[in-house]
Every structure is written in C-alpha cells, then in structure tokens.
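Hi everyone, thanks for coming. Let's have a look at this one together.

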Amino acid sequence: MKSYGLSLATAAVLRDEKKKMAADTASSEGDEGSFDLTVEEKEALCGLDSSFFGFLSRREDGARTKTLLNKAIHCYESLIVKAEGKVESDFFCQLGHFNLLLEDYSKALSSYQRYYSLQTDYWKNAAFLYGLGLVYFYYNAFHWATRAFQDVLYVDPSFCRAKEIHLRLGFMFKVNTDYESSLKHFQLALIDSNACTLSSVEIQFHIAQLYETQKYHFAKEAYEQLLQIESLPSQVKATILQQLGWMHHNMDLVGDKVTKERYAIQYLQKSLEEDPNSGQSWYFLGRCYSSIGKVQDAFVSYRQSIDKSEASADTWCSIGVLYQQQNQPMDALQAYICAVQLDHGHAAAWMDLGILYESCNQPQDAIKCYLNATRSKSCSHTSALTSRIMFLKAQLCNLPQGNLQNKTKLLPSIEEAWSLPIPAELTSRQGAMNTAQQDQVSLPTDVPSQCRGSPVMTLLVLQ
C-alpha cells in the first residue's frame with residue numbers, strides 16, 4: 001500500500017525544484033522564495049491527506065495548519081509551473097489533498113484528475129479514491145461518488161474513514177430511494193467506534209427517518225426514544241419534533257383525524273420552541289391548521305415560513321389553495337404564480353393553477369397549466385391530466401369562434417399573470433439570494449421529500 005502523506009519521492013522533487021529555482025535570476029528567487037517550505041513545515045505536512053477532511057477544525061492547530069496548506073499549495077503550483085507540468089504523479093495527488101482540505105473542490109478535482117491520468121495503478125491509492133469520492137459527493141455526482149467510496153472499501157477494508165464512507169453512502173442511497181441499502185450503511189456507521197463528523201444521536205436520527213418510508217410505527221418509536229436522551233442538541237430535538245408532527249399529520253397512524261392533527265400541532269409548536277426560525281416547521285404547521293379549517297392561523301404560519309426561509313414553492317402553492325378555498329381567485333392566482341416561478345417543475349402548483357382557471361371558465365389557460373404539470377418529473381397524475389386536456393380541447397372545438405373571442409376573462413391569462421408585480425418582486429429577491437449562494441452546493445444531509453410524504457398535496461380534486 002502506498003504512503004498517503006508527503007511521499008519521499010515528492011519531497012525529493014521539492015528539493016530538486018528548489019535547486020533549479022536557486023539557479024534562476026535574483027528577481028525570480030525573490031518572487032518564489034517566499035513559498036519555499038521549511039523542514040519543519042514539510043514534517044507538519046507529512047501524513048496530511050484526504051482522511052483529515054472534516055477534522056482539521058477539531059485540531060488545536062487547525063487554523064495554523066490551514067495557513068500552512070495555503071503556503072504549500074502556492075509552493076506546489078509554483079514548482080509545477082517551473083517544471084512545465086513535468087512532475088511525478090504523486091505531486092498532483094498531494095496537491096489534490098491540500099485543496100480538498102481547504103474545501104477548494106474545483107482545484108482538488110483538477111489535481112486528482114491529473115493524478116488519475118498519470119498514475120496507472122491509481123486504484124490502489126485509498127486516500128486518492130476517498131478524496132475523489134468526497135469531491136464527487138460535494139458536486140452531487142452520486143454515481144461516481146458511490147463508485148469511488150466502494151473502491152476504497154474494496155482496496156482497504158480497514159480504511160480509517162470507513163465510518164465517514166458509510167455515512168455518505170447512506171445519504172446517497174437515501175436520496176436515490178434505495179432505502180434498504182441506505183439503512184445498511186447507516187447501521188454500519190452506527191456500530192463503528194471511530195471518530196466521525198456526525199454524533200451517534202444524529203446517525204440514529206437518520207435511521208429513524210428511513211423507517212418512515214415503510215415502518216411508520218418503528219420511526220415513531222425511534223424518535224420518541226431519541227427524545228429521552230439527556231442533553232440532546234437543540235437542533236436535533238427540533239428536527240425530531242418536526243418529524244413527529246409531520247408524521248401525525250401526513251401518515252396513517254392510529255387515531256382519528258382530530259386527535260392526530262392535535263398531536264401534530266403540539267409537536268410542531270414544541271419544535272418551533274426549540275428552533276423558531278425553521279421555515280419548514282412553520283410550513284408544516286400551516287398545513288395542519290389548513291386541514292382543520294383554521295384559515296387565519298394557517299395564513300400566519302405560511303407567512304412566518306416565507307419570512308424564515310425566504311421563499312418556498314410549496315408554501316406559496318399552499319397559500320394559493322387557501323385563497324382558492326376562500327373564493328379569492330386573483331390572490332390564489334398570484335400565489336400559484338409565485339410557486340411556479342420559484343420552481344418551474346412544481347407539478348402540484350401547475351395542476352392547482354389549471355383547476356383555478358377551469359373554475360373561472362378559462363379552459364385555454366387551464367390546458368397550458370395542465371401541460372406544464374405533465375412535463376414535471378414529480379407529476380403523479382399524468383394520466384388523469386392527459387384525459388382532462390383532451391376533454392377541454394374537445395369542448396373548445398365545439399364552441400363557436402366568436403364565443404372564445406368575446407368572452408370576458410375573470411383572471412389574467414397565464415402569460416399576463418407571469419408578469420404580475422408581486423411574483424416579479426419575489427423572484428427578483430429569490431434570484432439575488434441564489435446568486436449569493438451559487439458557489440454553495442448543499443449536501444443531502446436531510447431526508448428526501450419521499451420520506452416525508454408529498455410536501456404539497458393537491459387539495460382541489462379534478463372534476
């Protein structure tokens with residue numbers, strides 16, 4: 001097995017390149033000499049590879065190590081330029097590790113790719129495979145990340161970060177709805193006693209989430225057991241209470257609807273006591289109030305959800321349903337437009353918007369909305385919508401042309417509605433937020449929507 005730290009060969013390259021640099025002009029020496037590594041610094045870098053990812057901040061010398069890594073990267077890059085790229089492959093592997101530890105994923109990937117192209121037996125290097133897997137995981141390239149992580153476990157079954165690998169495999173399989181495989185890897189992570197970036201409680205929480213996909217009662221029992229743990233982190237407690245609240249509202253648990261909704265509201269209110277800034281909990285609470293007819297409380301909760309989490313297509317869709325139920329079609333239209341502008345593929349919002357247009361006797365606009373709903377990957381009513389579209393088209397064919405042109409519209413057309421000022425203002429704000437976060441790729445550390453049940457159900461039934 002290869003050494004995964006600063007190899008002797010790489011250190012030799014550093015010495016050779018330093019001699020070459022010393023032979024250059026005085027100005028060149030002055031420019032690049034500041035990036036020379038001392039013997040002590042080289043010793044500090046020895047052993048630093050991808051396995052330290054996520055753990056540097058826990059070290060007492062974490063800040064100093066990051067400063068040293070920056071210097072090492074400058075030194076390596078300078079030497080690569082001087083050598084016109086003609087350095088040994090381990091050089092690029094180490095540079096990939098350093099960039100990864102500083103969370104510069106694009107540079108890490110570039111360095112790893114150079115190592116991959118130069119090193120024929122790259123597959124024997126567990127630290128390289130692990131680092132590459134972490135980069136793929138960051139970019140949500142789960143197919144390649146899974147392959148890299150599995151290769152690590154094959155090459156080195158006792159790899160020091162096997163627990164981290166099992167966690168990430170658990171996350172990826174959960175996102176891809178392979179819940180059986182996900183559960184297996186989370187359980188392997190739970191019984192591993194090595195250090196980890198997640199606590200045992202957090203791992204147990206993810207296991208409980210997986211039970212929601214099939215075994216609701218097991219999930220409920222697992223959550224309740226977690227709540228008994230003393231000194232439970234506030235954020236974990238808030239999320240557990242949120243899950244219990246949503247389960248009582250959305251899943252087939254024992255009890256009548258009134259009792260289940262009462263428990264759901266209680267759990268969600270307790271969750272908000274722990275984390276009052278959770279937009280998701282406020283949204284769930286609004287759904288619960290809406291289901292029992294407490295319209296004003298539902299509106300207040302949805303407003304809080306929007307204020308806490310900037311903008312959510314699910315929330316605006318639910319607001320639209322409430323407005324439609326209160327016979328406020330123009331307000332409902334604006335809410336649905338907000339939803340579909342935030343998420344162009346939000347099938348429930350397009351479907352409900354189509355129903356709204358139908359109720360206002362605007363079948364042409366309804367057809368456009370239904371077509372958009374059927375194009376969404378999340379649409380579960382494609383067959384019914386297709387039949388409805390054919391029915392409306394047949395009706396339009398049987399109407400005199402004059403009736404279509406002279407008919408007064410209760411609502412703006414879908415094209416006109418798209419330019420309404422409220423949605424435009426909202427999406428402008430959301431666009432600014434997205435621009436600020438464009439370099440941040442969220443990791444799948446939360447349960448996918450399938451595990452929660454459909455986050456937005458279509459409350460209006462197609463006639």
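Let me begin with helix 16, where the buried residues are Ala-298, Phe-299, Ser-301, Tyr-302, Ser-305 and Ile-306. Where do they sit around the axis of helix 16? Their arc is only 165°, so they are on the same side of the helix. As a reminder, an α-helix makes a turn every 3.6 residues, so positions three or four apart point the same way. The length of helix 16 works out too: its 15 residues, 295–309, should span 21 Å at 1.5 Å a residue, and the end C-alpha atoms are 21 Å apart, which agrees. Do keep in mind that this is a predicted model.

Now, the cores. The largest nonpolar core holds 58 residues, and Leu-45, Phe-98, Leu-100, Phe-149 and Ile-165 are the ones with the most contacts inside it. Several helices give two or more residues to this core, including helix 4 (62–82), helix 8 (142–155) and helix 11 (200–211). Which helix gives the largest share? That is helix 7, with 10 residues. There is also a second, separate core of 53 residues, and Ile-337, Trp-350, Ile-355 and Tyr-357 are among its members.

Last stop: Ile-203, which you'll find in helix 11. Is Ile-203 buried or exposed? Its relative accessibility is 1%, and buried means under 20%, so Ile-203 counts as buried. Beyond its neighbours within four places in sequence, Ile-203 is in contact with Lys-163, Leu-167, Phe-186, Ala-189, Leu-190 and Leu-198. Take Ala-189: 14 residues separate it from Ile-203 in sequence, and C-alpha to C-alpha the two are 7.7 Å apart.

Notes
Residues numbered from 1 in each chain as written. Predicted model: local features only at pLDDT ≥ 70, side-chain atom pairs only at ≥ 80, totals over all residues. Heavy atoms only, no water. Core = buried A, V, L, I, M, F, W, Y, C linked by side-chain atoms within 4.5 Å. Buried < 20%, exposed > 50% of the residue type's maximum accessible area, 1.4 Å probe, protein only. Helix = DSSP H or I, 4+ residues; strand = E, 2+ residues; numbered from the N terminus. Expected span 1.5 Å × (residues − 1). Arc of directions from axis to C-beta. Contact = heavy atoms within 4.5 Å.
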